[in-house]
Amino acid sequence: MCQARHTAPARVSRGAGHGTRGAGHGTRGADHGSREAAARASVGWAETHDDDLTWTLFHSLDRLPGPHHLEHPDGFDRARAGLRAARLRDRLTRDFGRPCRLDEGVQDASFSFSVDIPAEATGAGVLLAVRLSNYGDLAVVTPPAPGSHDDLDDAVRDRALSEADRDRITAALSDLGYRLVPPRLLHRPYDGVTWLADESHATWWTRFFDHL
């Protein structure tokens, strides 16, 4: 009489399965790293592209006809600029919940107005100044002093400016038609077409945001 032979079921190697899953995790990790690298590259390209556009604008404004003193181009309407600066002051006063001060007595400079946001109104506890150029609706924010940071994002990383304050300021400037420019470009040596090119320490900040 023959006895039935039983074949033991094949055992699946758990180690091999774990290895496969591990490889999957490695692939997902690589994909995530690739996405992060692509995002960083995209941000870098956008920043470079924006910088190129700003340089083009700087040189276009630099060539505008105007008086020899370079304080403003021909056709600059100081009264109209003052009214818009007052609207910016009022907007920032509302958004920050504290009175902001408009300096409208600036003379002998390539900017006529500046709005100060008091330190007690800011998240970082530092005074913020918004200068408004007489050229091309340019605006720059200095937290806490000219040249201390490359741009507002750099100031946020250094905790000299809160993200909320950055967003309030950029929204107000955009809504009122100003073009915010990064300080890192303004503090490069001036290489334009005016007599400032003969001044050894002149920068693009001098050209658009300083006393002359």
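Trainee: Over the ring of which residue does the charged end of arginine 168 sit?
Mentor: This is a predicted model, and in it arginine 168 belongs to the part of α4 that meets α2, where Phe96 is one of the residues on the α2 side. The charged end of arginine 168 lies 5.4 Å from the centre of a ring, and that ring is the one of phenylalanine 96.

Trainee: How are α2 and α4 oriented to each other, roughly parallel or roughly antiparallel?
Mentor: Helix α2, residues 78-96, and helix α4, residues 163-175, have axes 10 Å apart and pack at an angle of about 150°. Because angles over 145 degrees count as roughly antiparallel, the two helices are therefore described as roughly antiparallel.

Trainee: Which residue has arginine 207 lying over its face?
Mentor: The residue in question is also part of an aromatic cluster, which it forms together with Trp55, Phe58, Tyr190, Trp204 and Phe208. Arginine 207 is placed at 4.7 Å from the ring centre, over the face of tyrosine 135.

How values were computed: Residues numbered from 1 in each chain as written. Predicted model: local features only at pLDDT ≥ 70, side-chain atom pairs only at ≥ 80, totals over all residues. Heavy atoms only, no water. Axes fitted to C-alpha atoms, helices over the stretch in contact; angles between N-to-C directions. Helix = DSSP H or I, 4+ residues; strand = E, 2+ residues; numbered from the N terminus. Parallel < 35°, antiparallel > 145°, perpendicular 65-115°, else oblique. Contact = heavy atoms within 4.5 Å. Phe/Tyr/Trp six-rings, centres within 6.5 Å; stacked < 30°, edge-to-face > 60°. Lys NZ or Arg CZ within 6 Å of the ring centre and 35° of its normal.
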